[in-house]
Amino acid sequence: MRYESTTANVCFWLGSVLILVGSFLATAGFVLGTVSPAAIALLGLAPVVYGLELNRRATLHLTDHREAQITKLENLQVQIDSQRDAIDTLAEGLDAALMICDARGAIEYANGKARTLFRADAPEGKFLLTVTLSHETEALVQKVAASGQPEIAELTFSYPSEEVGLVKAWPSSGNRVFLSIFEITELRKLERIRKDFVANVSHEMRTPMTIIRAMAETLLDEDDDQLKEKYLGKIISEVDRLSSISQDLLILSTAELNPVRKQDCDIAEIFRTALVQLQIKAADKALNLKYEGPLQCLISANSAQMVQIAINLIDNAINYTSTGEVVVTLTPSTSQVQIDIRDTGYGIASEHLGRIFERFYRVDRARSRSTGGTGLGLSIVKHIVESHGGTVTVESSLNEGSTFTVILPTH
Ligand code: ADP
């Protein structure tokens with residue numbers, strides 16, 4: 001290319017010189033032997049034209065080359081744009097909050113999760129502390145910026161709601177710090193529930209076992225037949241209690257471990273049968289048991305588990321009612337069925353309503369104990385209902401009664 005342009009220039013200038021010299025000599029009236037100056041000038045025309053032609057071609061070539069370069073650059077830009085789009089989409093879709101900060105902690109980028117986690121529409125340009133209200137996060141970023149080493153910490157954020165996050169910060173080029181926050185609030189909550197559960201189970205089982213041991217020791221030295229009978233009765237009731245707890249734990253863990261196997265079942269018949277089964281217990285307290293609703297109501301559910309929720313809810317209603325009635329009302333609609341279990345019993349104070357579905361939670365331990373309750377009945381109900389895609393709620397007024405409402409999808 002360079003070679004061609006040099007040739008073109010040489011030709012052009014050589015031709016031009018010849019033309020000039022020829023023209024000059026012709027004008028001056030010189031004649032060089034047989035060679036006329038006009039011929040010299042004309043001779044110069046050829047290299048000039050050739051030089052011009054070469055230059056024209058070189059310019060054309062240059063234009064083509066430039067256009068190819070521009071197309072290449074445009075393609076590169078398209079590629080960069082599409083890669084940036086892909087990274088943006090990836091960052092936006094991540095379940096972790098992602099932020100890029102400068103060394104002072106000013107936010108340069110925040111993905112969608114970060115914006116929702118800290119309820120900040122446009123955090124870019126603001127300081128990390130202003131957005132997260134977390135001094136620990138700010139300190140972590142500053143530490144990473146100063147040391148150039150990545151850091152991981154489990155931090156609790158108090159704004160806008162209390163969340164636990166696994167925070168990782170790592171350095172990047174340009175003295176930036178990348179920050180990812182993975183929410184582990186639910187995980188920590190589940191861990192706490194599991195630990196509490198194990199502690200509760202141990203506690204619940206230790207109490208009857210301690211009683212049984214104390215009674216058995218007393219019996220060893222006891223000659224009085226009447227006392228022996230009393231202690232033996234107590235031992236039997238504590239053993240029954242232990243077996244109720246283990247039975248309920250087994251029901252709960254079976255329900256948790258196995259997927260729901262649904263079949264057609266008549267939920268109206270299940271509740272009516274449960275009422276009949278508990279009739280004798282209700283009659284002991286002179287309670288009236290009633291059923292209101294259709295005689296038949298087919299839904300798709302696990303019938304054994306439906307029997308379980310019917311027994312647990314009606315049994316509770318009888319246990320926590322001293323006078324009056326227990327009414328089961330079934331209201332089917334197109335896609336769901338509502339079952340209300342209403343009693344005229346002790347009721348539940350509002351401060352307990354949010355917790356009664358927790359495992360081993362009882363409003364009144366002594367009362368629950370006297371009814372042979374394990375504190376697991378409602379948590380079993382809640383688990384079964386929710387695993388069927390339904391809901392269970394309660395409304396209650398102290399000393400007036402309670403209504404437990406179960407809503408189940410029909411399919
Ligand atoms: P429990 O075995 O103690 O009955 P549950 O899980 O079935 O355990 O119920 C938890 C607690 O909720 C009970 O100890 C009781 O205090 C309260 N509760 C449940 N059902 C009723 C009801 N129908 N009326 C009043 N309190 C109830």
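**Notebook: ligand site and a surface patch**

The model is a predicted one, in which local features need pLDDT of at least 70 and side-chain atom pairs count only at pLDDT 80 or more, while totals for chains, interfaces and linings use all residues. Residues are numbered from 1 along each chain as its sequence is written, and side-chain values use heavy atoms, with hydrogens and water left out.

A ligand oxygen atom is 2.8 Å from a polar backbone atom of Thr374. For Gly375, a polar backbone atom is also 2.8 Å from an oxygen atom of the ligand. I noted that the protein covers 97% of the 530 Å² of accessible area the ligand has on its own (Shrake-Rupley method, 1.4 Å probe).

Next I listed the shell. There are 19 residues around the ligand, and Asn316, Tyr320, Ser368, Gly375 and Leu378 come nearest (a residue is near if one of its heavy atoms lies within 4 Å).

Last, I checked the surface. Leu42, Leu45 and Val49 form a nonpolar patch there, with about 280 Å² of accessible area together. Patch residues have over 30% relative accessible area and no salt bridge, with nonpolar side chains (Val, Leu, Ile, Met, Phe, Trp, Tyr) joined within 5 Å and like charges within 9 Å; a salt bridge is a side-chain nitrogen of Lys or Arg within 4 Å of a carboxyl oxygen of Asp or Glu. I recorded Leu45 as partly exposed, at a relative accessible area of 40% (between buried, under 20%, and exposed, over 50%; 1.4 Å probe, protein chains only).

Technical notes: A polar contact is a pair of N or O atoms within 3.5 Å; within protein, one must be able to donate a hydrogen and the other to accept it, and residues adjacent in sequence count only if both atoms are side-chain atoms.
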